[in-house]
Amino acid sequence: MSDKESNNEIQIISERLQTVATLEYNNTQQQQGKSARKNNNSVDIKTISDNATITTTENIFVRNVPELNLPEKILLVIDTVKEQQCTPFKLGTGATYSPLFMIKRVVENFVCAKSTIQPGVHQYALMSLEAMDTCWLCDYTSNIKTVFNYLEGIEENTLDEEQKTYDLGNLFETIHGRIAIPSKHQPAFVSRVILIYGRSSSVPKFYTRQKYLENLTENPYFFLDVLFVHEPPGDDDICEKVYAEIAALDTMGFSYIFEVGRNAAKIHDNMAKLLAHPLQRPLQKDASYTYTPLDVKHS
C-alpha cells in the first residue's frame, strides 16, 4: 500500500472526527446545563472555599465559577519514550505508524480544530516528556504554524534500561515554573495542561514535589487532562496500574482522563473530546457523546 493511500486514510479520519468534535462541543454545553440544574437540586451543600462547594452526601466537588468562554492557554505535554516492546498503530490499509507519529497527528488535529472554532483566541505551548527529563519546547502562541513546526521536531526517546516507575515530581515542577497562571478572582484566561502519556510499563508516581500539582489545582481556573496511549493489555505490561495512578491525578474530579490502545480512530476520537471548554463542559462521568439530530417537521 502506497504512502499516499495511507495518508489519505489518516486525512479522512481526521476530517470526520473534526466534524464530530464540533457537534460534540455543542452537545457538551447542553449537558453542562443539565448538570448545573442537577447540582442546584442537591441538598446539604457546604462551601469549602471561595471557588468550590462539596455535597456532603455524595462527596462531589462543584466549581462555583462562571461558565465563561475565557481564552485558553493550553500546555500540551507529549511523552516521547518508545518502549522496547512497542506495538505500532495499524490502519485498515495495512500501513503502520509509531505511537509518537500518531500522537503528533492527533495533537495537530486538536490545535487545528480548536483554532477553527475560535480563530486566534486560544494559545498553545509544547513540552516533551523524555526518558529521564522534561523539555520546554514552545512558549504560548496563537500561531499554529509555530506550534506545528516545534511538534514536527519532536523525536523518540528510547530507555537505556527498563524503568518500572516515573517520578512525576520533575514534570510538575517544570510545569509549575513555566505555566501561565490565571488570577483566581478576575481571570483573563483559563490554564489547561493536556498530558499525553505513552508508557505501558512505567508507573507514573510522585516520589517528590507533589506540592507543585497541589498548588496548581488550588486555582479554580486550572485544569489537568490526560490521554493515556498504551500497548494492547498483556502479560508484559502493567496498563491497569499505570491508568490507576493517572486517574489519581484527578484530585478534584474536574479532569478528563482517557485511555486508548493501538486504535487509530479511537485516539482521534478521544483527543476530539478534549476540545470542549473546561469551564463549560460537564463532569466526565456526565458527558454524552451521542448526537441525535432534531426531528424536522414538514408543513
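Which exposed residues does the face of α6 turned away from its buried side carry? They are Glu240 and Lys241. The model is a predicted one.

**Overview**

The chain has 299 residues, and 49% of them are buried. It contains seven helices and 15 strands. Take the contacts with a separation of 6 or more: 79% of them join residues 24 or more positions apart.

**Helix α6**

Helix α6 spans residues 239-247. Its buried residues are Cys239, Val242 and Ile246. These cover an arc of only 65° around the axis, so they sit on the same side of α6. A general rule of helices fits here. An α-helix has 3.6 residues a turn, so residues three or four places apart point the same way.

What do the buried residues of α6 pack against? Their partners are four strands: β12 (190-197), β13 (203-205), β14 and β15 (257-260). Glu240 and Lys241 are exposed, on the face turned away from the buried side.

**Strand β14 and Phe223**

Strand β14 covers residues 222-229 and includes Phe223. Is Phe223 buried or exposed? Its relative accessibility is 3%, so Phe223 counts as buried. In sequence, Phe223 and Leu279 are 56 residues apart. In space, their C-alpha atoms are 9.2 Å apart.

**Helices α2 and α3**

Helix α2 runs over residues 99-117, and helix α3 over residues 144-152. The two pack at an angle of about 175°, with their axes 11 Å apart. Angles over 145 degrees count as roughly antiparallel, so α2 is roughly antiparallel to α3.

Which residues meet in this pairing? From α2 come Lys104, Arg105, Val107, Glu108, Val111, Cys112 and Ser115. From α3 come Ile144, Phe148, Leu151 and Glu152. By class, the contact has six nonpolar, one polar and four charged residues.

**Cysteines and accessibility**

How many disulfides does the structure hold? The number is zero. Cys112, one of the α2 residues that meet α3, is partly exposed at 29% relative accessible area. Cys86 is partly exposed too, at 25%. Cys239 is among the buried residues of α6.

| Residue | Relative accessibility | Class |
|---|---|---|
| Phe223 | 3% | buried |
| Cys86 | 25% | partly exposed |
| Cys112 | 29% | partly exposed |

Conventions: Residues are numbered from 1 along each chain as its sequence is written. This is a predicted model: local features need pLDDT of at least 70, side-chain atom pairs count only at pLDDT 80 or more; totals for chains, interfaces and linings use all residues. Side-chain values use heavy atoms; hydrogens and water are left out. Axes are lines fitted to C-alpha atoms, for helices over the stretch in contact, and angles run from 0 to 180 degrees between N-to-C directions. Angles under 35 degrees count as roughly parallel, over 145 as roughly antiparallel, 65 to 115 as roughly perpendicular and the rest as oblique. Contact means heavy atoms within 4.5 Å. Ala, Val, Leu, Ile, Met, Phe, Trp, Tyr, Cys and Pro count as nonpolar, Asp, Glu, Lys and Arg as charged, and the others, Gly among them, as polar. A disulfide is a pair of cysteine sulfur atoms within 2.5 Å. Buried means under 20% relative accessible area, exposed over 50%, partly exposed in between (1.4 Å probe, protein chains only). The arc is that of the directions from the helix axis to the C-beta atoms.
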